[in-house]
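Work through the exercises below with the coordinates open. Each task is followed by its solution.

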Amino acid sequence: MTTEVMTPDQFKLALPAQFRGNVTQEVMDGVNALLADPNLAEAYRERMVGHTSVLREGKFKLESYLGAVKFVTQKMMNKSDIDAYIATFPVKYQDFVNRGVSQKDISSYVSAFKKSKLVTLIMEQALIPAWVGNQDMYQQALNAQFDLGMNAGSEKVRVDALNSVLTQLKQPEKTKITLDISEDVGDVMGAVRKQMQELAAESQRYIESGLGTAKDVAAQRLPFEVVQS
């Protein structure tokens with residue numbers, strides 16, 4: 001498998017203008033070290049390029065940005081805080097161990113890093129679905145399709161464009177509501193069973209009293225409906 005590599009110019013294009021002069025060889029070594037992981041290269045690239053706007057929120061170093069990107073990516077894989085930290089800073093963690101730093105203190109360092117401004121900003125962006133973060137682009141594309149549908153010279157282009165608009169704006173289909181059956185269902189069924197028994201006893205007394213027949217009872221509406229799926 002070929003290792004993915006990002007050039008300095010490619011990385012600079014993703015950065016706010018004021019950070020482009022800070023792209024050193026050391027920074028690029030860090031970038032390409034992340035991309036060298038064949039299993040996570042795509043995730044790292046998307047996060048490195050996609051969240052650079054957070055750099056405008058403070059005075060951050062690009063090396064710190066790369067560390068935060070790696071940590072958040074590890075967290076998005078459902079790793080614990082400590083495991084994500086170890087994956088992000090293996091040398092630093094090993095140094096803690098070698099120096100006999102207690103697990104309680106290490107956990108404090110990990111917690112502080114997780115709550116740092118840079119990690120928090122990236123995590124917030126990572127949790128926003130792409131379609132939410134790009135609603136303006138979605139609307140612009142929809143407007144362009146509608147314009148083609150109204151004004152294109154080709155009838156086929158107009159039809160295809162309007163079909164696209166109709167597809168995007170189609171009302172959501174009704175979905176069947178599925179009830180979550182919990183342990184409380186036993187109590188519910190018990191109550192229903194009791195009500196049925198009481199109804200049967202009352203019907204029997206009704207017939208025996210001569211006030212009605214079994215046919216009359218059968219014609220009566222139940223006090224509740226049993227819906228079969």
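**Exercise 1.** Determine at what angle α2 and α4 pack, and how far apart their axes are.

Solution. Two packed helices are described by the angle between their axes and the distance between the axes. Helices are DSSP runs (H or I, at least four residues), numbered from the N terminus. Axes are lines fitted to C-alpha atoms over the stretch in contact, and angles run from 0 to 180 degrees between N-to-C directions. For α2 and α4 the angle is about 10°, and the axes lie 9 Å apart. So α2 is roughly parallel to α4 (angles under 35 degrees).

The model is predicted: local features need pLDDT of at least 70, side-chain atom pairs pLDDT 80 or more, while totals for chains, interfaces and linings use all residues. Numbering starts from 1 along each chain as its sequence is written, and side-chain values use heavy atoms, without hydrogens and water.

**Exercise 2.** Find where Thr 88 lies, and decide whether Thr 88 is buried or exposed.

Solution. Thr 88 belongs to helix α5, residues 81–88. Its relative accessible area is 10%. Thr 88 is therefore buried (under 20%; exposed is over 50%, partly exposed in between; 1.4 Å probe, protein chains only). A polar atom of its side chain sits 2.7 Å from the backbone oxygen of Ala 84. Beyond neighbours within four places in sequence, Thr 88 contacts Gly 67, Lys 70, Phe 71 and Gln 74.

Terms used
Helices (H or I, at least four residues) and strands (E, at least two) are DSSP runs, numbered from the N terminus. A polar contact is a pair of N or O atoms within 3.5 Å; within protein, one must be able to donate a hydrogen and the other to accept it, and residues adjacent in sequence count only if both atoms are side-chain atoms. Contact means heavy atoms within 4.5 Å. Angles under 35 degrees count as roughly parallel, over 145 as roughly antiparallel, 65 to 115 as roughly perpendicular and the rest as oblique.
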